[in-house]
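Good morning, colleagues. Please look at the sequence and the structure on the screen while I take you through a few of their features.

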2 protein chains.
Amino acid sequence: MLKIQTVLTPLLLQLHDLTGKVVVVIDVFRATSSICVAFAHGATRIIPVATPEECHRFEAEGFICAAERDGKPVEGFALGNSPFSYMESRIKGASIAITTTNGTQAIELSKKAAVVAIGSFLNQKALCDFLIHQQRDVVLLCSGWKNNFNLEDTLFAGAVANELKNDFALADDATVAAMDLYTSAEKDLSLYLRKSSHAHRFVALGIEKDISFCLQQNIYNIVPVLKDEFLILP
Amino acid sequence: MLKIQTVLTPLLLQLHDLTGKVVVVIDVFRATSSICVAFAHGATRIIPVATPEECHRFEAEGFICAAERDGKPVEGFALGNSPFSYMESRIKGASIAITTTNGTQAIELSKKAAVVAIGSFLNQKALCDFLIHQQRDVVLLCSGWKNNFNLEDTLFAGAVANELKNDFALADDATVAAMDLYTSAEKDLSLYLRKSSHAHRFVALGIEKDISFCLQQNIYNIVPVLKDEFLILP
């Protein structure tokens, strides 16, 4: 039986051999949610880059540039990391370069995998169908917060595990724990996540509506994947 | 308010500054449980060491030597890692040198803390009282399995967080998650842990009775702490 494993923070990815596997990169608040929004609103391709400086270099090539650090948009960039900013009309047909505190680094670390897919509550069902069709072992990579564990990414890993538990073996304790946390929280994810450290940060940043938006399940029937350097819709 | 944080595997300890804090080292199956058993049966001092070779060197000085790797006793040593072996009459008054796959490494990594204490379900209540009296921030360090997350150590971290939640702020998402896992599992820890990867290993090793023993709560009213190189009862 194919296996699902969960990596609770990028720092733990070094314990895993990704060869031949699908990695799902998860950064619920907000990189992978915003990436889904962008594709759902017509973005053509998105390149995840490591630094704001690198991001700027793509501007000359006609990319829209997006940068976030510590939960805030970086000055001098057209976009930050709020999902709502990826709904604007200029997104249609656009190429986007993006750098964020956690999510884009996690994508970079995943490149040894056979397939890298983008996961969020927004595309949960589409992602699970995609994973079943891949017929490969799956690694759910939680981006966390600066290499620390966070609740929201773990909950989403648990949601995927819960949906795929009849198709895959849950192959490590992290996946079991994530699924159990999800099943205890699923009735009201938003209420549950008020306990999370990120939620406190979000209130401080005044962007609570982003939380509510990112916790909607299955509003987009798409799965962004990495092809060469770019995220695209296959 | 003083804070509790939880480190889900030793690999994540690098994200924490331990200065001035109490670290509780947790290796439920079985190092920290066995250490509690040894002190409860009259051991005088225990030195945790990194390798079986280093462990052997203490034999000449009259130490009883204990070594475990991959869940099995290492050949040529008087003791392994089963709690039952620490109940024998020769333990009374003994100095013990011990090396295990996960627990003793976690103790080594904790030495920058102001206080290093040993935690297990067996001494849960005594540990919690001790932590309240210390009046320091607390870091609960789960030894995990070869740097991977495991359920049993996380459940114990959650048990401590649950008992101390009115005395300390639960200061990170890992502590919240651990507490929620514990409260969903506490009715029958043994049943819950049948889902864990370690339980499967234990069945394979034929040492399931060690699991049941290590899941007993509050049978010993002691808290082993590190003083210089040695674990002792203060």
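This is a predicted model: local features need pLDDT of at least 70, side-chain atom pairs count only at pLDDT 80 or more; totals for chains, interfaces and linings use all residues.

B:D70 is found in the loop between β4 and β5 (72-73) of chain B. Helices (H or I, at least four residues) and strands (E, at least two) are DSSP runs, numbered from the N terminus. Residues are numbered from 1 along each chain as its sequence is written, and chains are lettered from A and ligands numbered from 1 in the order in which they are written.

To return to B:D70, its phi is near 55°, a positive value in a residue other than glycine. Most residues other than glycine have a negative phi, and most peptide bonds are trans. Is B:D70 buried or exposed? With 10 C-beta neighbours inside 10 Å, B:D70 counts as exposed. For this term, a residue is buried if 20 or more other C-beta atoms lie within 10 Å of its own, exposed if 12 or fewer, and partly exposed in between, with C-beta atoms placed from the backbone.

B:N218 also has a positive phi, of about 65°, although it is not a glycine. B:N218 sits in the loop between α9 (208-214) and β10 (225-227) of chain B, and with 13 C-beta neighbours inside 10 Å it counts as partly exposed.

The peptide bonds deserve a word as well. A cis bond joins A:F29 to A:R30, with omega about 10°; A:R30 lies in the loop between β2 (22-26) and α1 (31-40) of chain A. In chain B, the peptide bond from B:F29 to B:R30 is cis, with omega near 10°.

Next, the interior of chain B. Helix α1 (residues 31-40) of chain B is largely enclosed by the rest of the structure, because 10 of its 10 residues are buried. Just after α1(B), B:G42 takes a positive phi of about 95°. Strand β6 (residues 95-99) of chain B is mostly covered, with 4 of its 5 residues buried. Strand β3 (residues 45-48) of chain B runs parallel to β6(B), joined by 4 bridges, and B:R45 has B:S95 as its bridge partner. Strand β4 (residues 64-69) of chain B is also parallel to β6(B), again through 4 bridges; here B:A66 is partnered by B:I98. Two strands pair if DSSP finds at least two bridges between them.

Finally, how do the chains meet? 22 residues of chain A are in contact with 22 residues of chain B, contact being defined as C-beta atoms, placed from the backbone, within 7 Å. On the side of chain A that touches chain B, α6(A) gives the most, with 7 residues.

Chain A can be laid on chain B with an RMSD of 0.0 Å by a turn of 180° and a shift of 0.0 Å along the axis. The two copies are thus related as by a two-fold rotation axis. Copies are superposed by least squares on the C-alpha atoms of residues with pLDDT of at least 70 in both. Of the residues of chain A, A:L181 comes closest to that axis, at 3.4 Å (C-alpha).

In α6(A), A:A177, A:D180, A:L181 and A:S184 meet B:A177, B:D180, B:L181 and B:S184 in α6(B).

Definitions and conventions:
Two residues are in contact if their C-beta atoms, placed from the backbone, lie within 7 Å.
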